[in-house]
Amino acid sequence: MDAMGESSGSATEEIGSQLLKSGAFWEECGSIRQASPPLRHRSPLGRSGSRNTSPSRQKAIKTKPRGLDEETVATISKAVHPDIQMEDNIWAKLPEDLLNEILARVPPFMLFRLRCVCKHWNSILQDNSFLKFHSQVPSHGPCLLTFWKSSPSPQSSVFSLPLKTWYRIPFTFLPPWAFWLVGSSGGLVCFSGLDGLTFKILVCNPLTQTWRTLPSMHYNQQRQLNMIVDRMDRSFKVIAASDIYGDRTLPTEVYDSKLDRWSLHQIMPAGNLCSSKMAFCYSRLYLETLSPLGLMMYQLDTGYWEHIPAKFPRSLLDGYLVAGTQKRLFLVGRMLYSTLQSMKIWELDHVKIVWVEITRMPPKYFRALLRLSAERFECFGQDNLICFTSWNRGKGILYDVDKKVWSWVTGCGLQSYNSQVCFYEPRFDASIY
């Protein structure tokens with residue numbers, strides 16, 4: 001992380017002057033851009049290496065895909081806007097409460113870069129007054145977090161769906177044994193790994209660069225894990241289900257951050273799991289099972305498992321459970337018709353206990369995502385958004401269940417063949433304790 005300079009003067013004067021003089025840093029995959037205060041109205045197409053954008057060429061320019069859009073059309077405007085001058089004697093003396101309220105509405109990734117301006121700027125983002133304002137503003141929106149191990153340090157990129165831009169977030173603060181990305185919830189990210197022969201779990205906040213290791217479980221083996229954050233209660237829980245090697249006799253364990261300990265619960269009464277993927281929605285954890293056929297549901301409030309006899313659709317090759325908003329539970333999987341394949345999405349009817357088909361992936365997306373029948377894909381979701389990634393394609397597909405829209409996600413974060421991906425909500429107020 002960049003070195004932080006010394007602060008001087010009063011807090012508000014220093015912060016205001018830094019805003020005017022230092023500019024805002026945005027770090028994208030492969031480049032860092034610094035905003036120059038005198039030139040605030042430059043077209044993004046006018047950077048070095050871009051196409052000629054002189055005013056004499058007044059025409060629409062089609063650019064390659066970036067983010068969600070398959071095609072972006074940019075038009076050069078003839079209008080010339082005068083530069084807006086900001087008065088130093090006004091903006092350098094903002095009241096602390098007003099400054100915190102302004103910063104709370106700045107995109108989290110810009111604030112993350114501003115941590116490196118000076119020590120006082122870094123301390124403001126950890127101040128209780130700022131965190132109070134930050135917790136009250138609407139969420140930035142869903143993001144895709146990719147993580148992969150590389151030499152000499154792990155790499156991570158975050159794609160902001162609202163801004164349609166990739167950003168790099170350093171994960172060099174993590175210990176070397178943090179290898180498997182478990183998932184993310186409420187601004188926190190969970191990892192697991194082997195420190196020698198000891199299985200360990202940690203929880204971190206990428207924006208604050210803080211992390212801690214959870215206490216060891218009663219039966220400390222590699223387990224299927226799921227993390228849930230309760231923002232209202234300012235706490236989180238980690239559920240450890242069955243053993244990944246097939247030992248189904250282990251009891252379910254739940255970690256509570258408020259108690260800082262694991263508690264033992266009922267053993268999952270299932271003999272054969274279909275997939276290691278789990279889905280958590282409406283205080284319930286769901287897994288696919290073959291014996292007994294259907295779903296196993298774990299109720300977090302009671303600590304007991306229950307079997308749901310929801311039969312899987314015929315000709316289903318591989319399926320993933322995806323959690324939606326409220327009680328919505330989706331099943332995503334490939335279907336085989338003779339020698340043809342397709343991808344479908346079903347939703348569970350909780351009353352009739354049946355899977356109801358809601359859509360299928362258009363053929364052009366399916367062929368581009370999985371060109372070979374044996375190719376593996378990953379699927380995960382959040383807030384009625386479902387993302388598909390392929391290990392060999394370096395790109396992903398996003399489906400909005402509410403809007404019924406398919407779109408591409410491309411960029412550097414999906415280029416690595418061993419990248420692990422999950423949805424992520426950037427928040428400074430997410431506490432690891």
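In this predicted model, strand β26 spans residues 385–390 and contains L385. L385 has a relative accessible area of 10%, and because buried means under 20%, L385 counts as buried. Leaving out residues up to four places away in sequence, the residues that L385 touches are P142, L161, F380, L398, Y399, D400 and F423. A323 is 62 residues from L385 in sequence, and the C-alpha atoms of the two are 9.2 Å apart in space.

F428 sits in the segment after β29, the strand formed by 420–424. The relative accessibility of F428 is 3%, so this residue is classed as buried. Its contacts, with neighbours within four places in sequence set aside, are P108, L111, F112, R115, L125, F130, L131, H134, N205, L207 and T208. Q126 lies 302 residues from F428 along the chain, yet the separation between their C-alpha atoms is 7.9 Å.

Two helices contribute to the nonpolar patch: α2 (88–91) and α3 (96–104) each provide at least two of its residues. I102 belongs to helix α3. The relative accessible area of I102 is 36%, so I102 is partly exposed.

Methods
Residues numbered from 1 in each chain as written. Predicted model: local features only at pLDDT ≥ 70, side-chain atom pairs only at ≥ 80, totals over all residues. Heavy atoms only, no water. Helix = DSSP H or I, 4+ residues; strand = E, 2+ residues; numbered from the N terminus. Buried < 20%, exposed > 50% of the residue type's maximum accessible area, 1.4 Å probe, protein only. Contact = heavy atoms within 4.5 Å.
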